[in-house]
Amino acid sequence: MINILKTKLILLKREPLSFIVITIIICLFAYILGLGQQAKLPIAVYSNLDKNLTETMLQELKKMPDVEYQLYDEEEALKLVEEGDVELAVHLQASSFELISSPNFLNAPLFQNEISTIYREVMQNETIVTAYPVEQQKNIQSILNEVESNASFNVEYTNFSNDGDFIYDSKLHSLFGFTLFMVIYTIANGVNHLVMERRNHIWSRLTVSSIGKTQIYIANLAYSFLLGYLQVVLVLSIFHFGVGVDFYGGFFKTLIAIIPYLFCIVALTIFVASIAETPGKFNAFIVVLAVPFAMLGGAYWPIEIVTSKVILTLSYISPITYGMQILNGVTIHGATINELFQPLGMLLLMAVILMGIGINVLEKKGHS
Amino acid sequence: MIEVVNLTKAYKKGTAVDHINFYIEPGEIVGLLGPNGAGKSTTIAMLSTLIPPTDGDVLLQQKSVLKDPSSLRKVLGVVPQEIALYGDLTAKENLNFFGNLYKMPKTQLKNRVEVVLQQIGLEQESKKLVKHYSGGMKRRLNIGVALLHEPQYLIMDEPTVGIDPQSRNHILETVKKLNEHSNTAIIYTSHYMEEVEYLCDRIYIMDQGRIIASGTKEEIKAILSSENTIVVKVENYSNDFMNDLLKQPFLSNINSSEGEVAFTVAKGMNFLPTLFSLCEHHRVLLKSFQVEEPTLEDVFLHLTGRALRN
């Protein structure tokens with residue numbers, strides 16, 4: 001078995017093009033669709049506060065995700081809003097703040113809430129610090145910082161996957177979607193070896209050797225699985241460690257949770273191999289299956305925004321649906337294994353059925 | 001000894017192999033002849049334990065191998081008609097890969113790879129990718145892979161198809177030497193009757209799933225011992241001339257190609273007056289005629305009514 005695996009790896013080393021191309025395609029699409037469109041919302045800030053307080057305020061404001069605060073003078077900031085270059089400007093004053101928004105910007109109330117909280121906290125701290133004599137202010141500021149980092153009460157916000165709320169992270173969605181979709185082709189390339197070997201009678205040679213057929217199947221399937229897994233690990237690692245995509249602390253869980261999906265895809269491709277006579281037909285069948293599966297499974301867009309009952313019903317036949325549920329579950333929703341029992345179970349059930357039928361049909365054909 | 005007993009393979013569409021019996025003893029070369037669709041490939045697939053028979057048995061040293069094929073697989077090498085090799089591996093890598101499948105110890109495998117490369121004459125080209133080999137080199141390596149584990153029995157299915165005469169001669173010599181030096185028993189199928197005549201001690205002729213004749217070359221040829229094959233060279237050859245020849249009751253197995261007409265007649269039959277009169281009647285110029293002993297091809301034609309390569 002190890003011998004077969006080693007040989008397949010040598011063959012991959014000699015012909016790595018399709019593996020590399022598919023990996024690049026996943027990275028490109030995930031980046032363009034997920035991260036490329038995620039430019040931060042620019043917001044102009046002008047201030048009547050003193051320099052130090054303005055800087056403190058800006059530091060706090062910049063902690064808001066997906067928003068880019070930039071300091072301008074008043075005239076410049078208002079011109080930017082007027083000309084539509086920014087949707088919102090914030091005027092910081094000693095007693096309050098003011099928002100100047102473009103007419104089409106509908107999220108101003110949301111920003112008002114967020115900025116109000118930050119403004120209140122900063123001003124409160126400033127009031128406390130300035131209430132003390134100048135020589136003690138440094139000490140008071142450090143006490144305040146200490147209190148902030150070791151609060152008496154720790155308030156946490158959690159989301160339950162079953163509370164009906166749809167949480168969408170476009171970066172993770174496009175990354176997971178394209179990875180799950182394109183890895184089908186990589187695994188199919190691995191299984192296509194088996195189709196080619198049957199076609200050119202290498203399979204017969206393996207069968208009449210001293211190793212058992214089970215070992216031959218396991219070696220071939222393990223190779224396809226490892227090929228897919230290697231690609232997934234590579235792509236997710238690039239995005240996590242290289243691009244800095246937030247996996248909500250679930251990066252390593254993602255690498256484990258994807259295993260049932262890959263197993264199911266190996267089974268699916270074996271099933272396709274059992275009905276395709278030639279490598280050409282096999283590739284054609286894979287394309288015909290993979291694209292609709294990606295559409296139905298929510299690889300291109302979140303399945304949660306689809307309203308058609310027909311499409312939602314059809315989505316149950318796509319392994320990508322369950323793959324997306326599992327990956328979103330272990331990252332965005334912080335779900336446990338129990339909460340993911342249904343998609344995990346469905347993938348394993350599909351895998352067992354497809355693998356069973358596929359290998360049986362292949363064996364029957366081998367005997368005819 | 002390998003024995004095939006009442007071996008049968010039936011499909012929904014019909015019976016591919018119909019209760020055939022044959023045997024092969026250590027050290028002999030046996031030819032399996034038959035036109036396309038005769039059932040040779042199915043027989044070989046069953047014999048090499050690739051597909052199970054519908055009925056019958058394959059015995060190795062009088063023990064059935066159907067339930068436990070591993071005993072046969074250890075002593076059997078199969079050279080498929082197709083080039084069953086990895087094109088993106090070198091000859092050495094291919095040999096190492098397939099040798100490992102027989103769980104050979106590392107040092108033994110290393111030695112065997114060197115020996116086999118010498119046997120098939122590829123020791124200078126062993127580090128070249130197989131996809132860059134000529135057809136003949138690929139055929140030789142295809143044979144080499146089957147020799148790695150030093151099988152006592154070797155099945156060769158059309159091992160010389162589609163190669164140049166030089167490579168073909170090399171393969172025939174390799175097979176002959178292998179049989180003589182290693183005492184390997186060989187089952188050899190081919191469309192080339194001269195290869196079978198050159199190599200084989202005994203011959204089985206298959207047609208429509210059955211063995212219709214068997215024996216040594218001499219025994220097979222003796223099927224036509226009461227007849228002579230006549231080859232006539234003519235000019236101005238016409239269809240009417242052929243039609244009149246076909247009407248002659250004492251001529252059989254009439255075959256024509258490029259100014260040559262071959263037929264068989266009973267020994268002692270004076271066919272010349274009829275032949276001369278037909279030539280004169282159709283204004284066909286008779287250039288020469290030759291009386292030949294029957295060949296395997298003639299026997300094959302006589303038994304199946306078809307030429308081997310039809």
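**Close-up views of a predicted model**

**View 1. Residue B:D55 and the residues around it.** B:D55 belongs to strand β4 of chain B, which covers residues 55-60. As in every view here, the model is a predicted one. With a relative accessible area of 41%, B:D55 is partly exposed, because that value falls between the 20% limit for buried and the 50% limit for exposed. Setting aside its neighbours within four places in sequence, look for its contacts with B:N6, B:L7, B:T8 and B:H19.

**View 2. Chain B as a whole.** Before going further into the details, here is some background on this chain. Chain B contains 11 helices and 14 strands. Its C-alpha atoms fill a box of roughly 75 × 45 × 35 Å along the principal axes. Of the 310 residues in chain B, 52% are buried. Take the contacts in this chain between residues at least 6 apart in sequence: 70% of them join residues at least 24 apart.

**View 3. Helix α5 of chain B and its surroundings.** This helix runs over residues 135-147. Its 13 residues reach 19 Å from the first C-alpha to the last, close to the 18 Å expected at 1.5 Å a residue. Helix α5(B) is mostly covered, with 11 of its 13 residues buried. Among them are B:G136, B:M137, B:R139, B:R140 and B:L141.

**View 4. Two loop residues of chain B with positive phi.** B:N183 sits in the loop between α6 (165-182) and β8 (185-189) of chain B. Its phi is positive, about 60°, although B:N183 is not a glycine. B:Q208 is found in the loop between β9 (202-207) and β10 (210-216) of chain B. B:Q208 is likewise a residue other than glycine with a positive phi, near 50°. Are these residues buried or exposed? B:N183 counts as partly exposed, at 46% relative accessibility, whereas B:Q208 counts as exposed, at 62%.

**View 5. Helices α7 and α14 of chain A.** Helix α7 (residues 170-199) and helix α14 (residues 319-331) of chain A pack at an angle of about 140°, with their axes 10 Å apart. The two helices are therefore oblique to each other. The crossing of α7(A) past α14(A) is right-handed. On the α7(A) side, the contact is made by A:L172, A:H173, A:F176, A:G177, A:L180, A:F181 and A:I184. On the α14(A) side, look for A:I320, A:G323, A:M324, A:L327, A:N328 and A:T331. Sorted by class, the contact has 8 nonpolar, 5 polar and no charged residues.

**View 6. Helix α1 of chain A.** This helix takes in residues 2-14 of chain A. How far apart are its end C-alpha atoms? They are 18 Å apart, which agrees with the 18 Å that its 13 residues should span at 1.5 Å a residue. The buried residues of α1(A) are A:N3, A:I4, A:L5, A:T7, A:K8, A:L11 and A:L12.

How values were computed: Residues are numbered from 1 along each chain as its sequence is written. Chains are lettered from A and ligands numbered from 1 in the order in which they are written. This is a predicted model: local features need pLDDT of at least 70, side-chain atom pairs count only at pLDDT 80 or more; totals for chains, interfaces and linings use all residues. Side-chain values use heavy atoms; hydrogens and water are left out. Axes are lines fitted to C-alpha atoms, for helices over the stretch in contact, and angles run from 0 to 180 degrees between N-to-C directions. Helices (H or I, at least four residues) and strands (E, at least two) are DSSP runs, numbered from the N terminus. Angles under 35 degrees count as roughly parallel, over 145 as roughly antiparallel, 65 to 115 as roughly perpendicular and the rest as oblique. A crossing is left-handed if the near helix is turned anticlockwise from the far one by less than a right angle, and right-handed if clockwise. Contact means heavy atoms within 4.5 Å. Ala, Val, Leu, Ile, Met, Phe, Trp, Tyr, Cys and Pro count as nonpolar, Asp, Glu, Lys and Arg as charged, and the others, Gly among them, as polar. The expected span of a helix is 1.5 Å times one less than its number of residues. Buried means under 20% relative accessible area, exposed over 50%, partly exposed in between (1.4 Å probe, protein chains only).
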